[in-house]
Amino acid sequence: MQKHDPILEYAEITPSTRIGTGEHGWRAKCLQRLIRLDLPVPKSVALPAATVRSIAAGHGVDAAGILDLFGDGPLVSVRPSPANPDWGGPATILNIGLNAKRHARLAETHGDSAADALYVRFVQAYAIHVARLDPDVFEEIKPEPGALREVLRLYEIETDEPFPQDPARQLSEVLRSMARAWEGTSARLLRQAKGAPPEAALGLVVQEMAQGIGQGISGSGVIQFVDPVTGLPQVTGRYLGQSQGRDALKVQEALFLTRDKRGPSLEDAAPTLFAELQGFGAICRERLREEMQIEFTIEDGRLAVLDAVKVPRSARAGLRIAVALAEDGIIPKEEAVLRVEPRALSELLHHQVDPRGPRDVIARGIAASPGAATGKLVFTSDAAQASAARGEACILVRRETAPEDIRGMHSAAAVLTERGGMTSHAAVIARGLGLPCVVGASDMRLDTRDRKLTASDGRIFREGDVVTLDGSKGEALAGVAAMLPPALDESFKLLLNWADQFRDIGIRANADTPSDAATARRFEAQGIGLCRTEHMFFEEDRLVVMREMIFADTPSDRAAALARLLPMQREDFVQLFEIMQGLPVCIRLFDPPLHEFLPHDREGLRGLAEALDRPLSEVTRRADALREVNPMLGMRGVRLGVVLPEIYDMQAQAIFEATIESARRGAPVVPEVMIPLVSARREVEMVKTRIDAVAARVRTKAKAEFDYKLGVMVETPRAALRAGEIAQHAGFLSFGTNDLTQMTYGLSRDDAGRFMNTYVQQGVYPEDPFHILDVDGVGELLLMGAERGRLTRPELTLSVCGEHGGNPESIDFCRRAGFDYVSCSPYRVPMARLAAAHLALKDRVDNS
């Protein structure tokens, strides 16, 4: 076994020095790479994390030895170098080594004003960040005649000693201060909030100063070659003459980099130096395989590269950069796919508030569904529908939503609720519809009677006032905010096509309407994994007929009402099949309890009585009789199909007639008919017998042949446990993890938000099981059901079609369990496609 050299207390960064990101930090490693590329990097010395920890613990460091590496009377800077740049670090300190003697030499070479300015700046930084003196005392001092004498006087007053003149002492104190700052409680909490582990360490880099102050062309700046928001090629940054560090980004007088009609530019002032910088950018892109932001200094016409960091970028810029690097052959397609986080795609599918614009926040809540929209406030579903009819965008505000708000949500541009969590009704439906949604905005006060919203700062917003809802950030903003359009460009499509080449599990979409199906097709889902037919009955014309069916006194009356619904259902399915063009469509038969289709207030019941021409007392009595103590465990799903078989007969007939019509139009399909909420084999046998009979009648009447698959939605623990016998009569099992989680835990998804945060914070549950699949409990039921089902029928198709279907964690579980596909809301399909590719590629690396 090869023995590595011991890690030195400090080491000059050269092409061959053993520098590691884990030991010395990202900045030290990046500088070494720049040096290996022959870029003009000032001499730099790296202190590893072990040395920095030792300094923080009170041990000394050979500061004089470090300075000796830089020659006679050097000026140096100290920069933080954690393992990850996102973790931040202490402020950089410039011009260490400046004292009266060095100041005099600078005055001879650079002039008195430049020397004074550098010294003043160093004393200020040292006083604030090293000596920890009151910033208010020192920050207001400007570099003007007499400023140096004043700042030195103030330092001596505050510390009872003159400003230190020994460069080694200065460096030693700076290193000690930065090391201890990293170990402080506030710094630790801050970086842990950014994803750093508790034991995250800090390296430090001591670098020779490249003075941006001199007689010739001198200054400092920052340059990058892509737009940080869009990712498109564009030179951005600033340059400021006679300056140091990142001053150019802080003042209005800074020059543009490229020629610009708004003002002077570096390209005009020094075209050769500008061309050299462009060359450095191209080298970094090709050799470091990344778009880099370069910090540079020019001293008397000589260019120095002080640092280079990965360009900060939005999600859309990150995707475009990754694809461009792959298309240029700089990185392989696999790496491009892995560079884009699946969850980042949600920002690209919708309009987003432009991060460069102002934000006037009036309410904050949970970012439940991404995207942003601007519209007029409305406080009822009826008002939302009226607004849509006028062609006006609106934001629907509710205390919390219920099934009767579906049409209002369809009409709204976004939804804001005072209550709720990530798995509340509003959040789940909004994600399915692709609507921006913020829930749990408890800092606002909602008055539905007077139709007004009171913000936390006391401002009142009434119906008709314009607001912007940012579902990606979980905020409501006053007025109209500048927007970025969705980024569904060729780069987006290309990356997902590459992802499809690597993933090993199917991705379908949950789609209830033609609009949903069109979205699923646009995002290249491999079919519809769940079509919830009940949503089709909430349209106004169908709702009346649906209610007539519910109030029918005899099976024949019920069948007559259903006969009126039949052509509407058939047309729904024809449209779905036509849009999906032969891709599989899995249709769940009617599921919800019937009372959901009835009015919930006396005024609505009175209107229903008039429409049905029945006494109000009779309508009220029948409505009360339909209501259940626990409707989600009552007369719903397959139980309706057993007790009121005419409903499923009508739906099966509509599906099969639509199948024949679709084939006639050139889009043949094999529909998948799914029975919901099954818990016993006999339920499946009874429904299957009737559906097979309906199929035979349709074939005979139409003189046409068609195939179909019959399967079961596994939503009860018993169905999972008895999957072996249920599979005798089913061609597929689709696990509905929403209800399966509810029944396994004995929790109501709509009510769990009241205590779920407490449960997660106190470690009762590791995560909200409605948001992240519980692989230990619910997952075990999935594994048991899958194993027992395939023991009976080896070719059994297995899938997950609950809200969990789009989560990377759930996709990983399903891949490993041998499931054929997952199904999620249309707007989560791109994320699921990319997540599945990530998982397959990482497995490939782990197994290589």
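Biologist: What is the lining of the second largest cavity made of, by class?

Modeller: There are four nonpolar, one polar and three charged residues. One caution first: this is a predicted model, where local features need pLDDT of at least 70 and side-chain atom pairs 80 or more, while totals for chains, interfaces and linings use all residues. Numbering runs from 1 along each chain as its sequence is written, and side-chain values use heavy atoms, without hydrogens or water.

Biologist: Which residues line the second largest cavity?

Modeller: Arg316, Leu319, Arg320, Leu348, Ala487, Asp489, Ser491 and Phe492. Helix 13 (315–327) and helix 18 (490–502) each give two or more of the lining residues, and helix 13 gives the most, with three. Helices here are DSSP runs of H or I, at least four residues, and strands are E runs of at least two. Arg316, Arg320 and Asp489 are in the lining, and Arg and Asp count as charged.

Biologist: What makes a space a cavity?

Modeller: On a 1 Å grid over the protein atoms alone, a 1.4 Å probe fits but cannot get out, and lining residues have an atom within 4 Å of a point.

Biologist: Which residues lie nearest the centre of the largest cavity?

Modeller: Arg79, Leu94, Met209, Ala210 and Leu306, out of eleven lining residues. Strand 3 (76–82) and strand 5 (202–208) supply at least two lining residues each.

Biologist: How many bridges join strand 6 to strand 7?

Modeller: Seven, with strand 6 (219–226) and strand 7 (233–241) running antiparallel. Pairing takes at least two DSSP bridges, so those seven qualify. Val226 has Pro233 in strand 7 as its bridge partner. The hairpin has six residues between the strands, and there Gly231 takes a positive phi near 80 degrees.

Biologist: Why is the contact of Arg558 with Glu646 called a salt bridge?

Modeller: The rule asks for a side-chain nitrogen of Lys or Arg within 4 Å of a carboxyl oxygen of Asp or Glu. The closest N and O atoms of Arg558 and Glu646 are 3.3 Å apart, so the pair meets the cut-off. Arg558 is in helix 21 (555–580) and Glu646 in helix 25 (645–664), so the pair ties together parts 88 residues apart in sequence.

Biologist: How many salt bridges does the count come to by this rule?

Modeller: The count comes to 64.

Methods:
On a 1 Å grid over the protein atoms alone, a cavity is a set of points where a 1.4 Å probe fits but cannot get out, and a pocket is an open set with protein on both sides within 12 Å along at least five of seven lines; lining residues have an atom within 4 Å of a point.
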